[in-house]
Structures are given as structure tokens and as C-alpha cells.
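Biologist: I have a model open and want to learn how to read it. Can we take it feature by feature?

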Amino acid sequence: MRIPWTAKKTNKKILTEAQTTRQLMTKIRKRQAKFVGHVIRRNQLEHLVTTGKFDGKRGRGRPREKMLDSLADWMNIEKPSGMIRKMSCRVGWRSLIAHASRHGT
């Protein structure tokens, strides 16, 4: 579709006219969830880094959003600890990812 800038149409309206939806964020979340599930099941250093705390100073400014928190929010799970328990079963984890990705971002 070629749309001139003078048409002043919003991205949402153009996507509706093209009969498509945004898929990039869904793909990103799905890949993140697969990676985190893989890391957590290995129970090695990556597991400690992803779930553990490090000593040191508290950072300045607003705390950054953690990947586990954003994935738990995307999957409608209250706490990342509940998500970590569900990662132990590979088949269940894959079905959870597939179900969450259908709901969008």
C-alpha cells in the first residue's frame, strides 16, 4: 500500500485497512519466553543470574523492568516465581507460551 503523508492516517487505521495486526511484539515475547524457559531448566549459572540477587549499590532513578516481570505480566501470571515453577515441565511451558501469544501484547 502506498499512502501519502498528506492523508494523515494513523498506524492503527492503516493496519485495519490492510487487514493485518502488529506481530513484532508477540514474536519478541515468544522468543524471550522460550529462552528463559531453556535457561531456567538448565539449573546452572544462567539460572542464578536470571533469578538471583547481586550485592552492590542501588541504582539511580526508576528501576528497570526485568524480563521475568514483563513475561509474567504478558502471560497473566501474578509473580515470576509462579512462572519459574511452570518452566520445569517443557510441554506445559510450550503450551503456556502458545496460549499467551494468541492474546497479543
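Modeller: Let's start at one residue. N76 sits in the loop between α4 and α5 (80-86). Keep in mind that this is a predicted model.

Biologist: What is the phi of N76?

Modeller: Start with the general idea. Most residues other than glycine have a negative phi. Now the case here. N76 is not a glycine, yet its phi is positive, at about 60°.

Biologist: Is N76 buried or exposed?

Modeller: Read the relative accessible area. Over 50% counts as exposed. N76 has 68%, so it is exposed.

Biologist: Which residue other than glycine has a positive phi near 50°?

Modeller: That is K8, with phi near 50°. K8 lies in the segment before α1. Its relative accessible area is 71%, so K8 is exposed.

Biologist: Let me step back to the whole fold. How many helices and strands are there?

Modeller: The protein has six helices and zero strands. Along the sequence the pattern reads α-α-α-α-α-α.

Biologist: What share of the residues is buried?

Modeller: Of the 105 residues, 21% count as buried. The accessible surface comes to about 9200 Å². Carbon and sulfur atoms hold 52% of that surface.

Biologist: How do I read contacts along the chain?

Modeller: Look at how far apart the partners sit in sequence. Take contacts between residues at least 6 apart: 51% of them join residues at least 24 apart.

Biologist: Which residues of helix α4 are buried?

Modeller: Helix α4 covers residues 67-74. Its buried residues are L68, S70, L71, A72 and W74.

Biologist: Why does S70 count as buried?

Modeller: The cut-off is under 20% relative accessible area. S70 has 7%, so it counts as buried. Next, check its partners. Leaving aside neighbours within four places in sequence, S70 is in contact with R29 and E65.

Biologist: And V36? Where does V36 lie?

Modeller: V36 lies in helix α2. At 2% relative accessibility, V36 counts as buried.

Biologist: Which residues is V36 in contact with, leaving aside its neighbours within four places in sequence?

Modeller: There are M67, L68, L71 and M87. L68 and L71 are also among the buried residues of α4. Take the pair V36 and L68. They are 32 residues apart along the chain. Their C-alpha atoms are separated by 8.1 Å.

Biologist: Now charges. How do I read a salt bridge?

Modeller: Side chains of opposite charge can pair when their charged atoms come close. The cut-off used here is a Lys or Arg side-chain nitrogen within 4 Å of an Asp or Glu carboxyl oxygen. By this rule the count is one salt bridge.

Biologist: Which residue forms a salt bridge with K9?

Modeller: E17 does. The closest N and O atoms are 3.2 Å apart. K9 is found in the segment before α1 (11-17).

Biologist: How accessible are K9 and E17?

Modeller: K9 is partly exposed, with a relative accessible area of 35%. E17 is partly exposed too, at 37%.

Biologist: What else is K9 in contact with?

Modeller: Leave aside neighbours within four places in sequence. K9 is then in contact with I3 and I14, as well as E17.

Biologist: Which residues form the patch of positive charge?

Modeller: K27, K30, R31, K34, R90 and R94 gather there, on the surface. The elements that give two or more residues to this patch are α2 (24-42) and α6 (90-102). Helix α2 supplies the largest share, four residues. K34, for one, lies in α2.

Biologist: Which residues form a nonpolar patch on the surface?

Modeller: L24, M25 and I28 do. Together they have about 280 Å² of accessible area.

Biologist: Where is I28, and how accessible is I28?

Modeller: I28 is placed in helix α2. Its relative accessible area is 34%, so I28 is partly exposed. Compare V36, also in helix α2, which counts as buried at 2%. Read residue by residue, then, as well as helix by helix.

Conventions. Residues are numbered from 1 along each chain as its sequence is written. This is a predicted model: local features need pLDDT of at least 70, side-chain atom pairs count only at pLDDT 80 or more; totals for chains, interfaces and linings use all residues. Side-chain values use heavy atoms; hydrogens and water are left out. Patches are made of residues with over 30% relative accessible area and no salt bridge: like charges are joined within 9 Å, nonpolar side chains (Val, Leu, Ile, Met, Phe, Trp, Tyr) within 5 Å. Accessible areas come from the Shrake-Rupley method with a 1.4 Å probe; for residues, only the protein chains shown count as cover. Lys and Arg count as positive and Asp and Glu as negative; His and the chain ends are not counted. The place of a charge is taken as NZ of Lys, CZ of Arg, CG of Asp or CD of Glu. Buried means under 20% relative accessible area, exposed over 50%, partly exposed in between (1.4 Å probe, protein chains only). Contact means heavy atoms within 4.5 Å.
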